[in-house]
Amino acid sequence: MIQIISDSGTLYSQIEAEKKGLHTIPLQVVVDHKSYKDYESITSTELLQMIDQKKVPSTSLPSVGERIELYNTLTGKGDEVIDITIANGLSGAYASAQMAKEECEHPQMVTVVDSNTLAGPMRALVDEALKMAQAGDSKESIVAMLDHSIPTEVSFLIPQDFSFLKRGGRISGVEAGIGGFLKLIPVMMRKQQSHEEGSRLVNFSLCRTMKKAFIKMADHMEKEGVGAGYTIYISHANNMEDAAKAEAYFAERFPDAKLVVMPLSPAFITQGGPKCLAVQAIQIIQ
């Protein structure tokens with residue numbers, strides 16, 4: 001069999017993942033030097049309450065040893081493993097998985113794939129890979145699907161507090177300063193750097209209203225071919241008001257696309273900050 005591994009970057013808890021037959025490793029949130037497992041020992045509501053109390057969270061990766069142990073358990077049963085990670089550059093999960101592969105007992109049975117994304121589109125990739133694996137498709141077919149689908153992804157983020165992105169190294173100090181100084185709505189876009197550098201969030205646009213931010217994002221998505229066959233994900237950090245507005249706008253603008261609205265995990269709130277809103281799209285291609 002082929003086993004699919006990922007992490008809570010999919011916005012799946014371990015309990016949800018286990019019900020589907022998926023293996024996930026929770027990312028970790030650190031508050032006051034105490035480490036919490038994403039979804040398992042801290043909820044998004046609990047984290048937001050800590051932030052309201054002026055506590056400053058950060059994230060850390062699961063230990064490489066945890067991944068090695070999972071690889072060894074699965075490959076020891078004769079199963080091959082495909083581990084689909086958060087975009088390199090936005091997380092150290094890809095590098096951690098590569099290290100675990102090198103150190104595990106059967107590295108030839110482990111394939112690590114950089115999803116080049118996170119949250120909704122990452123979940124779509126993992127869901128399709130799992131569906132194919134459970135249907136008995138080959139590793140080569142699953143990897144080909146990932147290779148074809150990953151380049152279709154488009155991701156935007158509207159942060160409310162740039163200090164979260166700056167602390168996490170997702171944007172430069174200059175970008176944080178510009179976004180924080182101007183009383184405008186900033187739109188960040190995921191941009192692929194080199195393979196070695198991975199992805200980074202860069203300034204895409206500064207808008208006077210949320211509606212204009214939606215228009216700018218949708219215009220770019222149209223240029224990228226988003227439409228029929230795509231799923232548009234709207235994810236938020238306790239910001240249902242803006243999420244509902246985004247859902248209404250993008251449903252009207254892209255009537256042939258599927259729309260999904262989801263709350264973000266504690267680990268993503270730690271990076272994007274309270275009230276952040278993500279708009280992402282991807283097409284799964286066999």
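1. The model contains an open sheet of six strands with mixed pairing, in the order E10-E9-E8-E13-E11-E12. Strands here are DSSP runs (E, at least two residues), numbered from the N terminus, as are helices (H or I, at least four residues); two strands pair if DSSP finds at least two bridges between them. Strands E10 (199–207) and E12 (258–263) stand at the edges with a single partner strand each, so one side of each has no neighbour in the sheet. From one strand to the next, the twist averages 20°.

2. The structure is a predicted model, in which local features need pLDDT of at least 70 and side-chain atom pairs count only at pLDDT 80 or more, while totals for chains, interfaces and linings use all residues. Residues are numbered from 1 along each chain as its sequence is written, and side-chain values use heavy atoms, with hydrogens and water left out.

3. Within this sheet, strands E8 (residues 154–158) and E9 (residues 185–192) pair in the antiparallel sense over two bridges. Leu157 has Met188 in E9 as its bridge partner.

4. E3 runs antiparallel to strand E4 (residues 34–37), joined by four bridges, and Val31 stands opposite Lys34. The two form a hairpin with two residues between them, and Asp32 in the turn has a positive phi of about 55°.

5. Three bridges also join E3 to the antiparallel strand E5 (residues 58–60), where Thr59 is the bridge partner of Val29.

Note on methods: Axes are lines fitted to C-alpha atoms, for helices over the stretch in contact, and angles run from 0 to 180 degrees between N-to-C directions.
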